[in-house]
Structure formats: C-alpha cells, structure tokens
Amino acid sequence: MDSAGQDINLNSPNKGLLSDSMTDVPVDTGVAARTLAVEGLTEAEEEELRAELTKVEEEIVTLRQVLAAKERHCGELKRRLGLSALGGLKQNLSRSWHDVQVSNAYKKTQETLSQAGQKTSAALSTVGSAISRKLGDMRNSATFKSFEDRVGTIKSKVVGDRENSADNLPSATGNGDQPLSDPAPF
C-alpha cells in the first residue's frame with residue numbers, strides 16, 4: 001500500500017482521510033530520524049526498525065479506513081432500520097444515567113441527602129411543636145384571657161346579646177313584626 005500521499009499524523013484533523021486536497025505537507029523524516037537515532041544501533045538495526053515503523057504506520061492507515069467503512073455501513077443499517085440518532089442519544093443517556101445511579105459516589109450522595117432531609121424534617125417538626133406549645137401556653141396566660149374578655153365585650157356591644165339568626169334580623173325597610181333597634185355606640 002502506498003502511504004506517501006496519506007496523512008499519518010495522529011494529531012492532524014485529516015487523519016485517515018484519503019482526499020488529496022486534505023493531506024498535510026510531508027516532512028523529511030530521514031534527516032530528523034538520523035539525528036535522533038539512538039547510539040549503539042547498527043545501520044542494519046536502524047533500517048529494520050524503520051521498515052517496521054513504516055509497516056505499522058501503513059496498518060494504522062488501513063485500520064482507519066476499515067473503521068470508517070464500518071461506521072458508514074453501521075449508519076446505513078441504522079437508517080434502513082429506522083433507528084435515528086435521537087434514539088441512539090436517548091439510549092446512551094439512559095445508559096449513562098443508570099451508570100451514574102449505580103456508582104458509589106451517587107449512592108453515598110443520595111444517602112447523605114436522605115439523612116439530611118430526615119434531620120431537617122425532624123428539626124422542623126420540633127420547631128413546630130415548640131411553637132404550638134408556646135401558643136397554647138400564651139392562650140392560657142392571664143394577659144391573653146384579659147384580651148379575649150375585652151374582645152368579647154366589644155363584640156357584645158357591637159352585635160348585642162341577640163342570636164345571629166335570619167328569623168331574628170329586622171327587615172331592611174323597617175316594616176314587619178320587629179321594630180329596628182337603635183344600634184349601640186362604639
């Protein structure tokens with residue numbers, strides 16, 4: 001396989017692409033490699049390593065091409081089966097959420113938050129009970145009883161001692177069985 005026109009730079013955005021318009025500028029690796037050659041290697045060993053490197057680079061290019069072809073084929077099969085990218089995304093998100101839920105970090109966080117919620121609920125319940133008890137104590141206090149009596153007295157002066165039922169109310173025109181009573185002043 002001729003790899004001279006193909007991009008073998010792993011950091012290149014064009015890696016594995018065969019388009020002639022998208023190839024990187026080739027670099028003369030022979031000069032750079034000879035200057036960096038490890039001392040102690042014979043020329044034969046260096047030549048053998050270079051041949052192996054070229055072979056591995058060609059295999060990488062071939063594998064990229066095979067992978068790209070497989071991905072295209074996979075996409076075509078999904079399209080023919082009616083599987084959309086959205087469905088795949090949904091499945092990936094479900095799988096990821098499941099993975100998060102079964103992780104130890106999630107379980108510990110969930111347990112901690114549950115305990116915090118229980119403690120908060122207990123604290124609020126205690127505060128509510130204390131407020132209820134204080135209001136009950138206040139209602140039984142002499143000050144509150146005196147206030148309650150005064151409100152009752154004012155109410156009786158405003159409403160009177162009569163019952164608040166419909167059959168005891170005077171008519172709006174003043175005609176009828178019962179005369180209009182003179183309202184008590186405030």
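## Salt bridges and side-chain exposure

Glu46 has a relative accessibility of 18%, which counts as buried, because the cut-off for that class lies under 20% relative accessible area. This value, like the others in this report, was computed from a predicted model. Glu46 forms a salt bridge with Arg50, in which the closest N and O atoms are 2.8 Å apart. Arg50 is partly exposed, its relative accessible area being 27%. Both residues belong to helix H2, which spans residues 43-81, and since they lie 4 residues apart in that helix, about one helical turn separates them.

Helix H2 also holds Glu76 and Arg79, which are 3 residues apart and therefore likewise separated by about one helical turn. Their side chains meet in a salt bridge with an N to O distance of 2.5 Å. Here Glu76 is partly exposed at 33% relative accessibility, while Arg79, with a relative accessible area of 55%, is exposed, because that class begins over 50%.

In total, the count comes to 3 salt bridges, and their distances are set out below.

| Salt bridge | N to O distance |
|---|---|
| Arg50 and Glu46 | 2.8 Å |
| Glu76 and Arg79 | 2.5 Å |

Terms used: Residues numbered from 1 in each chain as written. Predicted model: local features only at pLDDT ≥ 70, side-chain atom pairs only at ≥ 80, totals over all residues. Heavy atoms only, no water. Salt bridge = Lys/Arg side-chain N within 4 Å of Asp/Glu carboxyl O. Helix = DSSP H or I, 4+ residues; strand = E, 2+ residues; numbered from the N terminus. Buried < 20%, exposed > 50% of the residue type's maximum accessible area, 1.4 Å probe, protein only.
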